[in-house]
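This report concerns a helix pairing and the pockets of a protein model. Please view the sequence and structure before reading on.

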Amino acid sequence: MNTLKNIYSAVVKVLASYTLACIIFLLLFVLTFFGTLEQRHASLHDVRTKYFDQPFFLTEYGIPLPGASLLLGLLALNLVVGGLVRMKRTWSRVGIFVIHIGVAVLLLSSLVEGVTSKK
């Protein structure tokens with residue numbers, strides 16, 4: 001039982017970390033860079049399908065990367081878990097909670113649009 005609690009707390013600690021958020025933002029930057037370069041040889045729709053709709057893919061240079069939808073899901077999870085675990089719940093931090101909730105709603109609406117739109 002104690003081992004499960006240790007594993008759970010380690011997973012929550014990783015999901016709530018600033019390091020994970022920074023790595024996700026860095027990977028999103030790399031995806032944007034390679035996606036922009038790949039638009040020289042492919043259409044916008046093809047690049048969007050490759051970079052956003054697949055959980056993992058290979059760039060035209062042979063570099064394996066996670067897809068943007070997977071990264072944005074992890075970012076939303078990091079935002080929620082980090083907001084619940086790391087932030088102190090005081091009235092002076094209400095603005096920070098509102099901002100985190102707003103970004104989470106934007107990510108959720110992006111997910112809904114991506115799932116329900118006709119491609």
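Predicted model: local features only at pLDDT ≥ 70, side-chain atom pairs only at ≥ 80, totals over all residues.

## Packing of helix 2 and helix 4

Helix 2, spanning residues 18-38, packs against helix 4, spanning residues 68-85, at an angle of about 155°, and their axes lie 10 Å apart. Angles over 145 degrees count as roughly antiparallel, so helix 2 is roughly antiparallel to helix 4. The crossing of the two helices is left-handed.

From helix 2, the residues in contact are Leu20, Ala21, Ile24, Phe25, Leu27, Leu28 and Leu31; helix 4 meets them with Ala68, Leu71, Leu72, Leu74, Leu75 and Asn78. By class, the residues of this contact comprise 12 nonpolar, one polar and no charged.

## The largest pocket

The largest pocket has a volume of about 400 Å³. Its lining consists of 17 residues, and those nearest the centre are Ser69, Leu72, Ser110, Leu111 and Gly114.

Helix 3 (44-52), helix 4 and helix 5 (94-116) each contribute at least two lining residues. Helix 5 gives the most, with eight residues. The lining of the largest pocket contains nine nonpolar, four polar and four charged residues.

## The second largest pocket

The second largest pocket holds about 280 Å³ of space. It is lined by 15 residues, of which Tyr18, Asn78, Leu79, Met87 and His100 are the closest to its centre.

Helix 2, helix 4 and helix 5 each supply at least two residues of this lining, and helix 4 gives the most, with five residues. By class, the lining of the second largest pocket has nine nonpolar, five polar and one charged residues.

Note on methods. Residues numbered from 1 in each chain as written. Heavy atoms only, no water. Axes fitted to C-alpha atoms, helices over the stretch in contact; angles between N-to-C directions. Helix = DSSP H or I, 4+ residues; strand = E, 2+ residues; numbered from the N terminus. Parallel < 35°, antiparallel > 145°, perpendicular 65-115°, else oblique. Left-handed = near helix turned anticlockwise from the far one by under 90°. Contact = heavy atoms within 4.5 Å. Nonpolar A, V, L, I, M, F, W, Y, C, P; charged D, E, K, R; others polar. 1 Å grid on protein atoms, 1.4 Å probe; cavity = no way out; pocket = protein on both sides within 12 Å on 5 of 7 lines; lining within 4 Å. Points joined across faces, edges and corners; volume = space filled by probe spheres on them.
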